[in-house]
Amino acid sequence: MENNNLYISPSPHIHSGDSISKNMYGVLIALVPALLVSLFFFGLGALVVTLTSVGACLLFEFLIQRFLFKKEPTLWDGSALITGLLLAFNLPSNLPVWIILIGAAAAIGIGKMSFGGLGNNIFNPALVGRVFLLISFPAQMTTWPKPGQLLSYLDGETGPTVLSLIHWDREAVPSVTQMLTGEMGGSLGEVSAIALLVGLLYMLYKKIITWHIPVYVIGTVVVITGSMHAINPQAYADPLTHILSGGLLLGAIFMATDYVTSPLTKKGMIIYAIGIGVLTSVIRLFGAYPEGMSFAILIMNAFTPLINSYVKPKHFGGN
């Protein structure tokens, strides 16, 4: 009897030339400017934190895949490298090695592998590690070395971040030039707006990401913080300061756009991005933490499956 069954493989059916590793290494290239700036301003501390975070994430992914999942490790697809680098970018340059190891274990073990590995995690792994450390070690995670102490690691002079200064000492807020170049306190990867924007332009040029999430996150924050500044400029900082300080650009460009944890459709991306912008603004303006980007992204990560289920593209031939 002739077999007339038609077998169709899962989509996509047209190969675009993209691959996981190609896009991951594209993101890594886009992160290089911010890495170079962090090394320029924080020197030895930035180097130790970055190497420890990246090495630990690679090690934990290898151990979990090899000995718990009993399968061949996929270290070189670039995902663990990105997780390690982004985790480092969310840490101060004087964080002790043992705390970084705990953060890497949380990022890979809890944020990624507990869901089944790449493609199955619902939360951004680097942010899981960062928030885990922020809750567990709040003092160490909110102690910020001042830039320019290139040979200092654990014993450098510390100071407040811009987001802290806008609440307590507006006069001491760094200039726009300093915030653009990175000459201010903060996490490794968040200090230079120019370096992050260069990375954004590269990813847009290579079509690794689309513009929707970064633009709508930043635009939403501008609208809300700008409105509050217009109502009471003495109590609330201007929107440009909010854009150039803290982890807003780092989060909007490199973490909110994560393929796995962000919506699939452009309309879904816009809803998701507006949610991140609203939550970030509310936490920054009215919350106990001066920074709200990490919490906002993780909260909206949890809503991504719901957004995907309600915001679907029209099927071929549908109305």
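User: How do you class Lys 112 and Glu 61, buried or exposed?

Analyst: Both Lys 112 and Glu 61 are buried. Buried means under 20% relative accessible area, exposed means over 50%, and partly exposed lies in between (1.4 Å probe, protein chains only). The model is predicted: local features need pLDDT of at least 70, side-chain atom pairs count only at pLDDT 80 or more, and totals for chains, interfaces and linings use all residues. Residues are numbered from 1 along each chain as its sequence is written, and side-chain values use heavy atoms, with hydrogens and water left out.

User: What makes Lys 112 and Glu 61 a salt bridge?

Analyst: The closest N and O atoms of Lys 112 and Glu 61 are 2.7 Å apart. The rule asks for a side-chain nitrogen of Lys or Arg within 4 Å of a carboxyl oxygen of Asp or Glu. The pair therefore qualifies at 2.7 Å. Side chains of opposite charge can pair when their charged atoms come close.

User: Why do you say that the pair of Lys 112 and Glu 61 ties parts together?

Analyst: Lys 112 lies in the loop between helix H3 (97-110) and H4, while Glu 61 lies in helix H1, so the pair ties together parts that are 51 residues apart in sequence. Helices (H or I, at least four residues) and strands (E, at least two) are DSSP runs, numbered from the N terminus.

User: How many salt bridges are counted by this rule?

Analyst: The count comes to three. One of them joins the side chains of Glu 157 and Lys 146, at 3.1 Å from N to O. Glu 157 and Lys 146 both lie in the loop between strand S1 (144-145) and strand S2 (158-159), so this pair links parts 11 residues apart in sequence. Another joins Arg 284 and Glu 291, also at 3.1 Å, N to O.

User: What makes Glu 157 and Lys 146 partly exposed?

Analyst: Glu 157 has 48% relative accessibility, so it counts as partly exposed. Lys 146 is partly exposed because its relative accessible area is 36%. By contrast, Arg 284 and Glu 291 are both buried.

User: Why does Ser 281 count as buried?

Analyst: Ser 281 has 1% relative accessibility, so it counts as buried. Ser 281 sits in helix H12 (residues 266-286). Ser 281 touches Thr 220, Val 221, Ile 224 and Thr 225, leaving aside residues up to four places away in sequence. A contact means heavy atoms within 4.5 Å.

User: How do you know that Ala 288 is exposed?

Analyst: Ala 288 has a relative accessible area of 82%, so it is exposed. Ala 288 lies in the loop between H12 and helix H13 (293-310). The C-alpha atoms of Ala 288 and Arg 66 are separated by 41 Å, and these residues are 222 residues apart along the chain.

User: Where is Lys 207 found, and what is its phi?

Analyst: Lys 207 is in the loop between helix H8 (193-205) and helix H9 (212-231). Its phi is near 60°, a positive value in a residue other than glycine. Lys 207 counts as exposed because its relative accessibility is 70%.

User: Which residues make the nonpolar surface patch?

Analyst: Val 32, Leu 36, Leu 39, Leu 44, Leu 47 and Leu 51 make a patch of about 490 Å². Nonpolar patch members (Val, Leu, Ile, Met, Phe, Trp, Tyr) have over 30% relative accessible area and no salt bridge, with side chains joined within 5 Å.

User: Why does Leu 44 count as partly exposed?

Analyst: Leu 44 has 35% relative accessibility, so it counts as partly exposed. Leu 44 lies in helix H1. Leu 44 touches Leu 150, Leu 151, Ser 152 and Tyr 153, not counting residues up to four places away in sequence. The C-alpha atoms of Leu 44 and Leu 249 are separated by 24 Å, across 205 residues along the chain.

User: How much space lies in the largest pocket?

Analyst: The largest pocket holds about 640 Å³. Of its 30 lining residues, the closest to its centre are Met 24, Thr 257, Asp 258, Tyr 259 and Val 260. A pocket is an open set of points on a 1 Å grid over the protein atoms alone, where a 1.4 Å probe fits, with protein on both sides within 12 Å along at least five of seven lines; lining residues have an atom within 4 Å of a point. H1, helix H2 (79-89) and helix H4 (125-136) each supply at least two residues of the lining.

How values were computed:
Patch = residues over 30% accessible without salt bridge, like charges linked within 9 Å, V, L, I, M, F, W, Y side chains within 5 Å. Areas by Shrake-Rupley, 256 points an atom, 1.4 Å probe, with all protein chains shown as cover. Points joined across faces, edges and corners; volume = space filled by probe spheres on them.
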